[in-house]
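Good morning, and thank you for coming. I shall speak today about charged pairs and nonpolar cores in one protein structure.

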Amino acid sequence: MADFEELRNMVSSFRVSELQVLLGFAGRNKSGRKHDLLMRALHILKSGCSPAVQIKIRELYRRRYPRTIEGLSDLPAIKPAVFNLDSSSSPIQPDLAVAGIHPLPSTSVTARSPSSPVSSVFLQDTKPHFEMQQPSPPIPPVHPDVRLKSLPFYDVLDVLIKPTSLVQSSIQRFQEKFFIFALTPQQVREICISRDFLPGGRRDYTVQVQIRLCLAETSCPQEDNYPSSLCIKVNGKLFPLPGFTPPPKNGIEQKRPGRPLNITSQVRLSSAVPNQISISWASEIGKNYSMSVYLVRQLTSAMLLQRLKMKGIRNPDHSRALIKEKLTADPDSEIATTSLRVSLMCPLGKMRLTIPCRAVTCTHLQCFDAALYLQMNEKKPTWICPVCDKKATYESLILDGLFMEILNECSDVDEIKFQEDGSWCPMRPKKEAVKVSSPQCTKIESLDFLSLIPVDSQYCPPMFLDSLTSTLTSSAPGSVITLTGHHENNSTHVSSSSRSETGVITSSGGSAPDIISLD
């Protein structure tokens with residue numbers, strides 16, 4: 001398996017000329033684009049090529065990278081014993097790194113074979129020189145022990161390409177490396193039957209092929225991070241990368257946000273044909289990157305919420321202990337806190353909490369709504385606590401049992417107060433006493449009221465006015481009088497406005513107002 005991996009990486013580094021020579025040697029068609037030639041060559045390798053073809057691949061590889069041999073003749077005064085050409089010798093590659101030579105990382109050239117042209121170079125006497133070359137930095141391992149940070153919205157089903165170093169293979173600034181992977185029939189089936197509607201209304205595969213790039217650091221789990229001037233091709237087709245984020249300050253280079261790349265739409269969903277990934281990037285001094293490919297299943301916020309509920313609710317005693325700790329009097333402080341007010345409103349949606357949640361890493365009591373928090377991170381995964389602005393990863397989230405009890409017991413308050421002993425009481429707003437004073441009605445004489453009504457003498461004869469005056473004087477309290485004037489067969493309102501009005505008249509004899517509807 002190691003030999004197959006080595007030969008595959010050799011073939012992946014070939015140019016069009018080497019690929020044509022190899023295909024012609026194997027009796028295959030050698031016309032077409034580089035991508036087609038490479039696929040044919042890898043197919044020969046996968047189907048089990050003969051030893052003669054394997055020797056031809058190694059020969060073409062040595063021609064492709066002659067510097068791995070030419071550089072050795074110019075080595076300064078290094079004793080032949082350094083290379084340990086006996087039967088227990090180790091691979092030469094670490095010594096090549098000292099000499100400033102960079103073969104492909106996946107290729108292991110050894111000096112065990114007497115017929116090897118590399119070993120013949122080592123057997124030559126090297127004349128002593130005093131001009132020492134500068135040692136180059138060590139080549140990172142082909143498969144570094146890189147751990148990537150887990151992504152809550154993705155379950156890893158299979159590893160298609162384990163973390164592999166993006167190693168500089170030439171002195172040029174822009175580098176390119178090829179990777180090959182093939183799907184099994186079961187993996188192809190899982191992808192094909194997973195097509196469904198995802199959040200946002202778009203239809204896509206929930207089982208996906210995902211590329212992840214990160215720094216080749218093994219000290220801690222790494223976040224997704226892209227090298228400079230990144231360009232990815234999947235099966236010869238350019239893959240669109242996420243857009244640049246706006247720079248925080250002027251003069252700082254724009255950088256793409258690190259996130260996994262879903263390449264399923266450009267993958268050949270067939271177990272018979274392998275897939276090729278081409279990654280080109282600009283090398284940076286002091287920075288080495290790693291790439292890996294996974295088969296994953298995408299999850300929704302509702303699924304994560306269900307998993308969070310299955311973890312269980314944290315015992316209310318934990319929160320009570322935290323309250324007592326916060327309200328314990330500090331002997332060095334002159335100010336003692338005797339109570340603590342906490343809101344039952346979610347800081348995200350400004351609505352009452354339904355599923356109170358917070359991270360175990362947070363020191364505050366204030367909770368936020370778990371469902372809303374997961375929905376926001378599904379759209380844009382930041383995993384930042386909305387209360388304290390610190391990291392609140394999915395793995396650190398807990399459902400608070402004490403707040404669950406409080407929400408169930410009081411449904412009409414939005415704020416509570418905790419006491420020193422861990423007890424709580426609702427904070428209801430104080431109702432202000434409002435004085436309702438009875439309206440003082442102004443006494444209006446009947447004649448004065450009539451003076452307020454604009455009346456034209458030609459429409460209201462004096463006889464009508466005298467009749468109205470006597471009626472108002474003799475009417476009982478609270479009686480309703482309707483006045484209607486007629487002139488030339490047209491109904492005319494007494495008031496100047498065209499709508500009905502209601503007047504309140506207080507008679508001198510009673511307390512109840514008389515109401516007159518002027519229609």
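Let us begin with Lys56, which is buried, its relative accessible area being 14%. Please keep in mind that we are looking at a predicted model. The side chain of Lys56 forms a salt bridge with that of Glu59, at 3.9 Å from N to O. Glu59 is partly exposed, at 25% relative accessibility. Both residues belong to helix H4, residues 51-64, and they are 3 residues apart, about one turn of the helix.

A second pair is Asp400 and Arg358, whose closest N and O atoms are 2.4 Å apart in a salt bridge. Asp400 is in strand S15 and Arg358 in strand S13, so this pair ties together parts that are 42 residues apart in sequence. Asp400 is buried, with 1% relative accessible area, and Arg358 is buried as well, with 4%. How many salt bridges does a search of the whole structure find? The count is 13.

We turn now to the nonpolar residues. The largest nonpolar core contains 38 residues, and Leu344, Leu397 and Phe418 have the most contacts inside it. Among the elements that give two or more residues to this core are strands S13 and S15 and helix H12. Helix H12 gives the most, with 5 residues. Apart from this core lies another, of 29 residues, including Leu183 and Ile279.

Finally, the cysteines. The number of disulfides is 0. The sulfur of Cys367 is 7.3 Å from the closest cysteine sulfur, that of Cys357, which is too far for a bond. Cys367 is buried, at 0% relative accessibility, whereas Cys192 is partly exposed, at 40%.

Definitions and conventions: Residues numbered from 1 in each chain as written. Predicted model: local features only at pLDDT ≥ 70, side-chain atom pairs only at ≥ 80, totals over all residues. Heavy atoms only, no water. Core = buried A, V, L, I, M, F, W, Y, C linked by side-chain atoms within 4.5 Å. Buried < 20%, exposed > 50% of the residue type's maximum accessible area, 1.4 Å probe, protein only. Helix = DSSP H or I, 4+ residues; strand = E, 2+ residues; numbered from the N terminus. Disulfide = S-S within 2.5 Å. Salt bridge = Lys/Arg side-chain N within 4 Å of Asp/Glu carboxyl O.
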